[in-house]
Amino acid sequence: KMSYKKRIAIIVVALLAAITLLIAYLFLGNSGKDEKTDAMLDGYTTIAFFGVDNRSNGNFDSGNSDTIMLCNINNYTKQVELVSVYRDTLMDVDGEETFRKCNYAFNHGGIDSALAMLNRNLDLNITDYVAVDFMALVAAVDAVDGIDIELTDAEAEAMNGGYIGEVGAIVGKDANPVSAGSQHLDGVQATAYCRIRSTAGDDFRRTERTVLTQIIAKAKSASPTQLASLITGVFPDVDTSIDMDQLLYLAKNMMDYDLGETKGFPFSKTTDRFGDSIGDAVVPCSLESNVVLLHQELYEDSEYQAPDSLKK
């Protein structure tokens, strides 16, 4: 059975996608234009997203990164693809063939260690990142006045059974129960929904939830007051390599970009137990074939071959 600790599945994606799309409504100037931002609007741009479960606001020195996503921007087709790396995926976390769940890397070395882990195991060269903690998704959903979700009986029961109360206590907001069926969720409830892993599909299904697309859809038609609330409420909860001026400039150019399908990595996988120190983990079958498919999916590179270091 997977670890008992409950995790946020998509808060990082909600954060960056919403901010990037929304700021353009308020700021259309050329601030932030430089060599880096020009490069990010050319070819492919891959940014790493981390949702850190440290239960303390604004501390990104450690904490398991229980959301790990690759945001790949195709500037040729103006499509944004998201690949969720399952947090329990067995990977070399330190470059010394220490195989553990990949979320371990952030907890024991912060952002530098987490980026190095992704680059080493997936044969990538990611330098830009966004990391957030519990507060960001609650603020983003509340700023757009909530989202509409169809809940199953099992999902409503799981949320009322502890998720909503725990999130409310952490962020200091009301924790209101939900019912099965069509529900309008506030920030606390939506965050609780994202954390469900006990219903059908477990940790794999969490990456397919619809919170992100709901936020983006509402954000596109939001009022200036709502947009300002989102920016001021969420950005302080962010640790990112992209500064505010750069983000403003990027936003102006990304209004026509569309969010494509969200996929989970590894694509082909199994699970197994690796003793008490690691527990149940997701095993790529195999890492080489999954990484080849990843590069084909993200970069349309049909001739890509994994390096010997990764095959080893």
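This is a predicted model: local features need pLDDT of at least 70, side-chain atom pairs count only at pLDDT 80 or more; totals for chains, interfaces and linings use all residues.
Which helix does His295 lie in? His295 belongs to helix α13, which covers residues 287-299. Leaving aside residues up to four places away in sequence, His295 touches Leu122, Asp123, Leu124, Glu300, Asp301 and Tyr304.

Let us step back to the whole chain for a moment. The chain holds 14 helices and 12 strands. Of its 312 residues, 53% are buried. If you take the contacts between residues at least 6 apart in sequence, 73% of them join residues at least 24 apart.

Helix α4 is largely enclosed by the rest of the structure, because 10 of its 13 residues are buried.

Now move on to helix α7, residues 187-194, and its packing against helix α5, residues 135-143. Their axes lie 8 Å apart at an angle of about 130°, which makes α5 oblique to α7. The crossing of α5 past α7 is right-handed. On the α5 side, the contact involves Leu137, Val138, Val141 and Asp142, and these meet Gly187, Val188, Ala190, Thr191 and Cys194 of α7. Sorted by class, the residues of this contact are 6 nonpolar, 2 polar and 1 charged.

Helix α7 has a further partner in helix α6, residues 153-171. Here the axes come within 8 Å and cross at roughly 120°, so α6 and α7 are oblique to each other. Helix α6 also passes α7 in a right-handed crossing. From α6, the contact draws on Glu155, Met159, Tyr163, Ile164, Val167, Gly168 and Val171, while α7 supplies Val188, Gln189, Thr191, Ala192 and Tyr193. This contact has 8 nonpolar, 3 polar and 1 charged residues. Look at Val188 and Thr191 on α7 as you turn the model: both take part in the contact with α5 and in the contact with α6.

Terms used:
Residues are numbered from 1 along each chain as its sequence is written. Side-chain values use heavy atoms; hydrogens and water are left out. Axes are lines fitted to C-alpha atoms, for helices over the stretch in contact, and angles run from 0 to 180 degrees between N-to-C directions. Helices (H or I, at least four residues) and strands (E, at least two) are DSSP runs, numbered from the N terminus. Angles under 35 degrees count as roughly parallel, over 145 as roughly antiparallel, 65 to 115 as roughly perpendicular and the rest as oblique. A crossing is left-handed if the near helix is turned anticlockwise from the far one by less than a right angle, and right-handed if clockwise. Contact means heavy atoms within 4.5 Å. Ala, Val, Leu, Ile, Met, Phe, Trp, Tyr, Cys and Pro count as nonpolar, Asp, Glu, Lys and Arg as charged, and the others, Gly among them, as polar. Buried means under 20% relative accessible area, exposed over 50%, partly exposed in between (1.4 Å probe, protein chains only).
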